[in-house]
Amino acid sequence: MWCVPHPSRDDQTLVLLDTEGLGDVRKGDEKNDTWIFALAILLSSTLVYNSMRTIDHQALRSLHYVTELTNHIKVKSSMLGEVETTSDYAQFFPSFVWTVRDFTLDLQFDGTSITADEYLEKSLKIQSGNSPQMAYSNDISGCIQNFFLTRKCFVLNRPVSQSKLKVLDQLCNTDLDPGFVQQVTDFCSYIFNHSKEKTITGGAVVTGSMLGNLAVTYVDAIRSGTVPCLENGMAALSQMKNSAAVEESFALYKRLLGERVVLNPRTGAIGEEELSAIHDVCLQEALQLFKANSFKDEDERYQKDLIERIKEVYDGKCSENAELSRCLSLLQQLSGKLNHGSYLRPGGYVAYRLQLDSIVQLYRATPGKGVQADQVLDAFLKDQQENKRVIRMTEKVLAQRENLLREDRVLAERHRYQAEAEAAQRATRKMEQRLEELRACGVQMDQ
């Protein structure tokens, strides 16, 4: 298998699948060739068959595998007693290109020039005659005409002279016969421009991963001894594609819902209508992605599975939202009397801590809070950290101020006592001075 970018279609890859030659007597098993031929048909959109020199009865008999295709390929897994017709096969079979190498004849019929396509159609024309050999050739021709509705023929001259065939791989393109080079160019141009995308039932285009899974499905069927079935191959592709589409779409929904619905234990739950509206938008985006990537989900089994899984996630989110609302409501009720201003006093911090511990104990003892309980409580306690800091700091400030006031009062009292003592001392000195003055004047003072 050779995969290359398509030379003229930017959105496509050209996959060239080459098989070993058919009719190798050393294989000793015709079933090998039959299965190779069947796989080539099942996997390709254009089947190129190579033969040498001319299209004659011998060349046709080399394509006898075409008469056995209905025994080695099935369109449907169960036809309920109905017989599959050639038209059932023809709508799924590839176009058929017959290349005749080392062509030695002139393209003429009854003296008139004909095209390679006309040469092919005349070679496939049903011949008259009753011999077993003629009937056999006619059977092959009829199968080719009925199974392959689009047919094309190219005849290729010998690329070089007989003497140069042994060193063909060492020659340059300029050493090749110009007529051969032009014929190969025309052949490649036809393949590039007319080969269609590989499709399966319903016209679905086969991607690279789908082609790989088809190959595995068909080969597994052959190995198990059953007949490859187009319907089963499509079912396997459907399972693969749709399962992947479900997972991808489900992941998208979860990501979108997680981004757009953030249940914050601090800010609180969101309204049911808002949550439902967000869910609807996320669901539609997930379904759009699923429909873009799904394949033949005709009974919508995979889409229903996706919706069911999404519903489980949405129901879980609704439950989380409701639990968050209950937890917040409970905490608001319990902490309603927690008036922080009343604790801005000496001894307020201890009273506040006792009240906060009581709220926590009552909250934890209340049943039915759900999985959000601890997160909501943690957020509440974190929010209380600032209040605790303010109350504690206020208490310290108040204690410091009281100490300062006490010191001021002591200092003032000390100053008063000192002032009174100094006043008494001054009065005593003044009295003593007066007495001295009186003595000096001859006044006799009683002791």
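Colleague: Which residues of α10 are buried?

Modeller: In this predicted model, a residue is taken as buried when its relative accessible area is under 20%. By that cut-off, the buried residues of α10 are L275, I278, H279, C282, L283, A286, L287 and F290.

Colleague: How far apart are the end C-alpha atoms of helix α10?

Modeller: Helix α10 covers residues 272-293, and at 1.5 Å a residue its 22 residues should span 32 Å. The model agrees with that expectation, because the end C-alpha atoms of the helix are apart by 32 Å.

Colleague: What is F148 in contact with, leaving aside its neighbours within four places in sequence?

Modeller: A contact here needs heavy atoms within 4.5 Å. With those neighbours left aside, F148 is in contact with I41, L47, V66, F93, P94, F96 and C143.

Colleague: How many residues in the lining of the second largest pocket are charged?

Modeller: The second largest pocket holds about 420 Å³ of space. Of the 23 residues that line this pocket, S45, F93, P94, S95 and K196 are the closest to its centre. The lining divides into nine nonpolar residues, 11 polar, and, as the charged group, three.

Terms used: Residues numbered from 1 in each chain as written. Predicted model: local features only at pLDDT ≥ 70, side-chain atom pairs only at ≥ 80, totals over all residues. Heavy atoms only, no water. 1 Å grid on protein atoms, 1.4 Å probe; cavity = no way out; pocket = protein on both sides within 12 Å on 5 of 7 lines; lining within 4 Å. Points joined across faces, edges and corners; volume = space filled by probe spheres on them. Nonpolar A, V, L, I, M, F, W, Y, C, P; charged D, E, K, R; others polar. Helix = DSSP H or I, 4+ residues; strand = E, 2+ residues; numbered from the N terminus. Expected span 1.5 Å × (residues − 1). Buried < 20%, exposed > 50% of the residue type's maximum accessible area, 1.4 Å probe, protein only.
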